[in-house]
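Please read the following report with the sequence and the coordinates at hand.

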Protein chains: 2
Amino acid sequence: MRRNIKLVIAYDGTDFCGWQRQDKDRTVQGEIELALEKMHGEPVSLAGCGRTDSGVHAVGQIANFFTDIDSIPSDRFSPALNTLLPHDVRILHSCGVDDNFHARFSAVSRTYRYFFICRSLLPHQRLYNVCLRRFPDIALLNAYGRLLLGETDCSIFAGAGDTSNSKNRYIYSSVFFTEGEKLIFEIRANAFLRNMVRSVAGTFLHYEENSASPEQLRKIIASGERSQAGPTLPPQGLFLWNVEY
Amino acid sequence: MRRNIKLVIAYDGTDFCGWQRQDKDRTVQGEIELALEKMHGEPVSLAGCGRTDSGVHAVGQIANFFTDIDSIPSDRFSPALNTLLPHDVRILHSCGVDDNFHARFSAVSRTYRYFFICRSLLPHQRLYNVCLRRFPDIALLNAYGRLLLGETDCSIFAGAGDTSNSKNRYIYSSVFFTEGEKLIFEIRANAFLRNMVRSVAGTFLHYEENSASPEQLRKIIASGERSQAGPTLPPQGLFLWNVEY
């Protein structure tokens with residue numbers, strides 16, 4: 001009997017050209033579809049929740065696929081796929097879901113976490129954190145973060161090649177906090193524009209360094225002018241943390 | 001004027017065949033000597049404190065070399081070398097030292113830290129931690145650890161190919177503790193046999209799982225029989241943490 005299987009996926013994005021399948025480059029979707037094809041003896045299409053950029057990691061990416069294999073219980077697709085997958089991608093969990101579940105269209109929101117270390121990075125930290133040369137004013141960053149809450153025109157944060165019709169996104173939370181030596185930026189929204197998290201963080205840190213007031217930043221965001229955004233930060237510290245349904 | 005320069009070095013051991021220079025394989029000493037040769041226009045020999053295994057990392061490796069270059073202040077060798085080095089090795093600090101300083105022979109002791117996570121590793125953790133399937137009895141592990149303190153015959157912990165004459169080592173500390181979700185084993189000794197830290201940790205965890213008493217383990221260590229040791233654990237979670245002079 002045809003079943004719809006949901007996967008919770010973690011990956012180290014370092015050696016992937018992002019999530020989305022491409023003809024030539026190594027991608028996470030491509031690797032998992034290859035494993036599914038080995039398992040099924042025919043191509044199987046995998047629907048993912050979010051297209052992460054090259055170099056971005058995940059600990060809670062969600063995807064789903066339909067299977068006709070009766071001999072594998074829903075929760076055993078996880079270990080079965082892991083034996084076929086390379087070590088930089090792991091299926092943390094698998095379960096059966098309703099036929100109408102779709103990893104992307106059923107998702108209510110996505111949560112990303114961005115990890116910063118406020119000094120030179122040690123070599124073993126370089127692929128999983130972004131280096132900040134100084135310790136920023138967290139209260140000011142959080143005042144900026146509150147400007148985004150609710151339905152917000154995110155045009156200034158849209159990376160080149162973003163093809164969304166509307167640039168409005170509903171932002172549920174946007175907060176900076178510390179954990180040990182790390183500064184973490186967590187943002188949750190119904191969906192994100194291309195490169196948006198990297199641009200939001202880069203813009204906030206740029207204006208914080210220049211001591212812009214929250215009111216100044218409000219006007220900059222409202223301008224809708226991409227040229228007003230700060231730099232798009234590197235992908236290395238960014239993790240797709242969770243997807244909410 | 002000829003100067004003796006001391007370096008503090010960090011590296012991600014993942015893509016290195018250990019510290020020690022080899023003819024064909026990529027090593028940390030080899031990369032730094034290559035950078036020194038570019039800088040000096042002739043080969044420069046680098047003396048390192050400890051030979052870490054393939055896959056073992058460092059945040060406090062120490063090395064020294066002699067230079068005739070007058071134009072670079074001692075503390076500027078660090079940034080100058082970093083521009084010539086690949087990103088998985090960084091010189092954290094450089095300074096001038098007495099001519100009789102030798103990174104290896106002047107060292108009083110070395111400290112290693114071994115990082116464990118007591119569940120399946122996420123992909124971005126796999127190169128910097130060892131996975132434990134269960135949470136061990138830390139009090140029992142620390143009772144084992146105390147058996148090593150002082151001058152101890154470490155024969156059972158010597159990896160194949162260890163060429164030391166005496167297998168006695170002076171162990172200053174040997175302790176397990178937790179930090180967040182991680183279990184850390186820290187051990188400091190005047191020097192270590194080949195693969196010794198990986199063998200000590202593997203032996204302790206093996207006998208802890210079998211609920212051996214400290215007295216039983218004392219006899220096992222005293223037997224000097226390598227066959228009594230537990231498994232040698234993987235290198236991924238091990239860091240050369242510090243060298244004391």
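## Terms and basis

Axes are lines fitted to C-alpha atoms, for helices over the stretch in contact, and angles run from 0 to 180 degrees between N-to-C directions. Helices are DSSP runs of H or I with at least four residues, numbered from the N terminus.

This is a predicted model, in which local features need pLDDT of at least 70 and side-chain atom pairs count only at pLDDT 80 or more, while totals for chains, interfaces and linings use all residues. Residues are numbered from 1 along each chain as its sequence is written, chains are lettered from A and ligands numbered from 1 in the order in which they are written, and side-chain values use heavy atoms, with hydrogens and water left out.

## Helix packing in chain B

Helix H1 (residues 28-40) of chain B and helix H2 (residues 77-84) of chain B cross at roughly 105 degrees, and their axes come within 9 Å. H1(B) is therefore roughly perpendicular to H2(B) (65 to 115 degrees; under 35 is roughly parallel, over 145 roughly antiparallel, and the rest oblique). Contact, meaning heavy atoms within 4.5 Å, is made by Ala35(B), Leu36(B), Lys38(B) and Met39(B) of H1(B) with Phe77(B), Ala80(B), Leu81(B) and Leu84(B) of H2(B).

Helix H3 (residues 138-147) of chain B packs against helix H4 (residues 196-209) of chain B at an angle of about 130 degrees, with the axes 10 Å apart, which makes H3(B) oblique to H4(B). Leu140(B), Leu141(B), Tyr144(B) and Gly145(B) of H3(B) meet Phe204(B), Leu205(B), Tyr207(B) and Glu208(B) of H4(B) in this contact.

## Helix packing in chain A

In chain A, helix H3 (residues 138-147) and helix H5 (residues 214-223) pack at an angle of about 40 degrees with their axes 10 Å apart, and H3(A) is therefore oblique to H5(A). From H3(A) the contact draws on Leu140(A), Ala143(A), Tyr144(A) and Leu147(A), and from H5(A) on Pro214(A), Leu217(A), Arg218(A) and Ile221(A).

## The interface of chains B and A

Chain B and chain A each contribute 15 residues to their contact. Together they bury about 1300 Å², of which 73% is on carbon and sulfur atoms; buried area is the accessible area (1.4 Å probe) that two parts lose on being put together, summed over both. Pro123(B), His124(B) and Arg126(B) supply 42% of the area that chain B buries against chain A, more than any other three residues.

The rule finds two salt bridges across this interface, a salt bridge being a side-chain nitrogen of Lys or Arg within 4 Å of a carboxyl oxygen of Asp or Glu. Arg126(B) also takes part in a salt bridge, with the side chain of Asp12(A) (3.0 Å, N to O).

Methods. Helices (H or I, at least four residues) and strands (E, at least two) are DSSP runs, numbered from the N terminus.
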